[in-house]
Structures are given as structure tokens and as C-alpha cells.
Amino acid sequence: MSHSHSQGRSDLAHARHVEAALLDYLRGQSARHEALVVAAVGDLHIRIDAADALLERANTSQSTAIAFRLAAAEAARVAGHAYFELAGRSLPRPLPDAAEPALLTQRRLLGDHYLNGAALADGQGGQG
Amino acid sequence: MSHSPTVDPSQQPRPAPRRPAHIIRSDAEAIEVAQRVAEDFAQEAALRDRERRLPWDELERFSESGLWAISVPKAYGGAGVSYVTLSEVIAIISAADSSLGQLPQNHFGVLSNLGLTGGEEQKQRYFAKVLQGYRFGNAFSEARSQYVTTFQTQIRFDGDTAVLDGEKAYCTGALFAHIVPVAGVDEVGHVHIALVPRDAAGLTVIDSWDGFGQRITASGQVRIDGVRVPAIDVVPAWKAYDQPTSDGPISQIIQAAVDTGIARGAFAETLRVARQARPWVDSGLQHGWQDPLGQALVGELAWRLQAAEAILQRAAQAVDRAVAEPSEERVAEASVIVGQAKVLSTEIALEASSRLLELGGTRSVSASQGLDRFWRNARTHTLHDPVRWKYHLVGNQLLNDIKPQRHSWN
């Protein structure tokens, strides 16, 4: 498994951890039925499920691996934002296990692949 | 010399297909036929949109291809394809021309409702018609009711006849249909669907749709003035929501498939125009396609489109499970995942259709190319129901264990 793939799993796990903490917190609050709160929880869950759905495909090609990596990063980012907005605090994101290309670089590499047919080298997105 | 106006006979409403349709036998054949038909529809999609040229001939080829009958159950002679296949077929067609992708939307919804609530004789008769190439339109929504789920159109049973009166709006497919399903409420508030022949007395389809997107869907009005149909042609549609069924998720997943198709079409055009774009003067590059900032935007669209497609497939699998086992849990699960598909497909359809023009540059807004149609179509079709309440639907199930309400919009 590549570093990127591993880091994607780590981000997805973190997003799930934050979501669970958020649900625990909100279930003790009367705000749990407020439309904006409910919709924010839905938004986060959609990001997590999108990353999870891409994880199922992540081993099929380098481009699907990068797609999963970027989706997992978004899930982690949205989780952090939702927790800060709704619980007023932040939960620390675990440090990366190992170096990987920056997310914006992975985004560009994926775009270069689609736009110009550029090959995606092993480890840029990473197959498991 | 005076000339009397001539009317192209191919553009006249017909109560029956002009030729028998091909019968598709499998999921694989459905995908193959959809790809072939989509190639055909892509040829003049921009022209049809620009001229608002109603797709009479295209719809004939579409339904004659057999694609409008692919959800007819195997027990009634159809392919009974999975909803994974059906949603992919809709996405394939919508990528080529999203108006044509939307036109069978309610047709498939009616087939679902017929299968769930129709009597055996009704199912045999109408599934056979669909296999022959009959197209259902719709006269469901009303512009003046408080909620989308409430109707003022009345249906009154008079012996073995049903009589309907009312006015409908957003009647996608009605103009081109052979049969116009009309939703009306009876004296106790139950919603029925009357299957009204297109040429029935008292049924008037008005081509009043002037939306800036989905321009050739002719989603105009229908007036129903004392329309009489045999009671045997009325389906007790309300029963599909009196208990858990897959009817709502089926209706909704087709919406998400249309929007996913729009996103695919917009993304494909984005790649084409971005390859041709000039490099920005400050970039120091020789070619626009070398632009790292542009490449990153393309990468962003690419993964978001992949995510929408992956969730659409999951949603379709959930719909298939709800069809097989229509328990409260299964149906709620399908509604929630279809809601996710609706969110992601809406987001990427709007994003891709906007970035298409950004990455193409000023030359891409030339009206002769018609590339604005992707955004106009995405913006229009995604208004079918407010996506902001899909985030809420998903969150309410997770946070409060509240299942989605059962209706055609969930």
C-alpha cells in the first residue's frame, strides 16, 4: 500500500472519529433538531460516504487511488470544520504516517492525467 | 397566393407508436443500446437547444430502441433491468443531451408505480404497450398547491368511469407521450393516476415551457377538463406510499442520474476546450494544457465526478435491495443514499458546467458552441427539489434516527 493510500485511510478514519464525537456531543443538545445542525451533520456524512465509496475503487487504477485520497482529505477537512462550528472546539488530526505529495500536487497530477493523458506513477496516488 | 400552414406529420401527437419497438433482453444490451443512441443524440444536442427544436424524431428513435421498456419486469416480457443499469442508461443519455435523458424520467416512475399498485390486468395491458413502444408522459405537479405533494386536481368515480378535472404544471414528457398519466385526488384524499390517452377529449397539453435550461423537454402545462377514462385505466398510486415501497427512491435516483450525466457531458467538454485554450501570458508556458492551475481544477472536477458516480452506483444498489425487500429499513436506506447521490450529482453538475467555461476562456462563450447549455441544464434540472433538504434528510436519519418521509421526492 502506498503512502498516499495509507494517508487516505487515516484521513477517512479521522473523519469517522470526529463524526462519532460530534454525534455524541449533539445528542446531548437540544440543537440536535435544528435544521442547520441536522444539515451540517448530513453534509459531513455525505463526504465520508463519498470517500468510502471511492475507497472501494481505489485499487483499480492510479487515478481512482488519487480520487479516494482527495475525497478522504475533504472528509477530514469537513469533519474538522463541522466539529468546530457545532461543538466550538477542534479535534487534532493525526500526524501523517509518512510523506506523500501535497494534496494540491495530487490534484494537479490527476488533472494532468485527464487533460493530457499523463501517466500517473506508482506512489503518486498509490495502489494498495 | 396564400399558403396554408403545413404541419410536419412526424411532429403530431399520436395515441400509439408508429412502429413496434425493439425489445431489449438484458442489462448488458441496455447499456450497449444506450451508448449507441447517445452517440446519435450528441450530434445535434447544441443545435436542438439553441433552436429549441423539439425532439420528436429523436424520441421516436429513443423509444423504438427499446430503452423505454427496460424496467418492464421479466414476468411481463421485459428485461427487468436493475436500477444500477437503469440509472447508468439515464446518465449515458443525459451526458449526450440531458433533455432527452430527462424525458423518460416520469415514464419510468409510472412503470414503477404500475408494478407496485396496478391490478394484474392493468400490468399485463400496460407493460405490453410499453414493450410495443408506448411512452408515458406525466401530469402530476401543480403550480398552485401548497406543497409539491398536494394536488387540487380531482378524480371522481362514476360507476365504471373516472372523471378528472384540474390543471397541471411542469408536465415533462406529456407533449410527446402516447399516454398521459394524470394524478388526481379522490373524495377521501387518496391520489390516483389515470392513464389518459394523449388524444382524449378534454385533455390539453400546452407547450408553455420557457425555462432557460432543459429547453426541449416541453415541460409545460396540461389542462384536464372533464376527462373521462374507464376506471380500469386508473391506478391506485397512493398505495405505493401507504406502506414502504421503492417508488420514491426510484423516482429520485433518476433525477440524480440525469445530473450525473450533465456533469459527465460538461467534464468531457471541459477537457476538449481546456486542451485548446491559450496559455496565460504570465504563465511562461507554450500551451494552455500545460497550465498547472488549470490542471488542478480539472483534477478537482475529476475526483468529484468519480465520487458522484460511485455514490450513484451505491444508491442504485440500495434501490435494488429495496425493490427486492421493501421493508421500512430498506426503503429508508435507499432514500438516504439516493439523497446523497442527489447532493453529489447536483454539486458536480453545477461545478463542472461552470468550470467548463472558465477553463475554455472567453472563446468558449461563443453562442455558436452552445456550451452554456450545460450550466443552464444543470441549474434548471437540479431545481426539481431543493437539494439543501437532502443534506438534512441524510443528517436526520443519522443524528435523530428519523427516517425520510415517504413520497415521490424522497
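This is a predicted model: local features need pLDDT of at least 70, side-chain atom pairs count only at pLDDT 80 or more; totals for chains, interfaces and linings use all residues.

Reader: How many helices and strands does chain B have?

Author: Chain B has 13 helices and 7 strands. Its radius of gyration is 22 Å, close to the 22 Å that the globule rule gives for 410 residues, so chain B is as compact as a globular protein of that length.

Reader: And what box do the C-alpha atoms of chain B fill?

Author: Roughly 80 × 75 × 40 Å, taken along the principal axes. Of the 410 residues in chain B, 56% count as buried.

Reader: Which domains is chain B divided into?

Author: Domain 1 covers 11-132, domain 2 covers 154-240 and domain 3 covers 243-400.

Reader: How far apart are the C-alpha centres of domain 1 and domain 2 of chain B?

Author: Those centres lie 20 Å apart. The contact takes 28 residues from domain 1 of chain B and 21 residues from domain 2 of chain B.

Reader: Which helix gives the largest share on the domain 1 side of that contact in chain B?

Author: H6(B), with 8 residues. That side of domain 1 of chain B, the one touching domain 2 of chain B, divides into 13 nonpolar, 10 polar and 5 charged residues.

Reader: Switching topic: what about helix H1 of chain B, how long should it span?

Author: H1(B) runs over residues 27-42, and at 1.5 Å a residue its 16 residues should span 22 Å; the end C-alpha atoms are 22 Å apart, which agrees.

Reader: Which residues of H1(B) are buried?

Author: B:Ala30, B:Ala34, B:Val37, B:Ala38 and B:Phe41. They cover an arc of only 110 degrees around the axis, which puts them on the same side of H1(B).

Reader: What do those buried residues pack against?

Author: In chain B, they pack against helix H2 (45-51), helix H3 (56-64), helix H4 (83-96) and helix H5 (98-102).

Reader: And on the other side of H1(B), which residues are exposed?

Author: There you find B:Ala28, B:Glu32, B:Arg36 and B:Glu39 exposed.

Reader: Last thing, the partner chain. How many residues of chain B are in contact with chain A?

Author: On the chain B side there are 31, in contact with 33 residues of chain A. H10(B) gives the largest share of the side of chain B that touches chain A, 14 residues.

Reader: How do the residues on that side of chain B divide?

Author: Into 19 nonpolar, 8 polar and 4 charged.

Terms used: Residues are numbered from 1 along each chain as its sequence is written. Chains are lettered from A and ligands numbered from 1 in the order in which they are written. Helices (H or I, at least four residues) and strands (E, at least two) are DSSP runs, numbered from the N terminus. The expected span of a helix is 1.5 Å times one less than its number of residues. A residue is buried if 20 or more other C-beta atoms lie within 10 Å of its own, exposed if 12 or fewer, and partly exposed in between; C-beta atoms are placed from the backbone. The arc is that of the directions from the helix axis to the C-beta atoms. Two residues are in contact if their C-beta atoms, placed from the backbone, lie within 7 Å. Ala, Val, Leu, Ile, Met, Phe, Trp, Tyr, Cys and Pro count as nonpolar, Asp, Glu, Lys and Arg as charged, and the others, Gly among them, as polar. The radius of gyration is taken over C-alpha atoms; the globule rule is 2.2 Å times the number of residues to the power 0.38. Domain bounds come from an automatic or database domain assignment.
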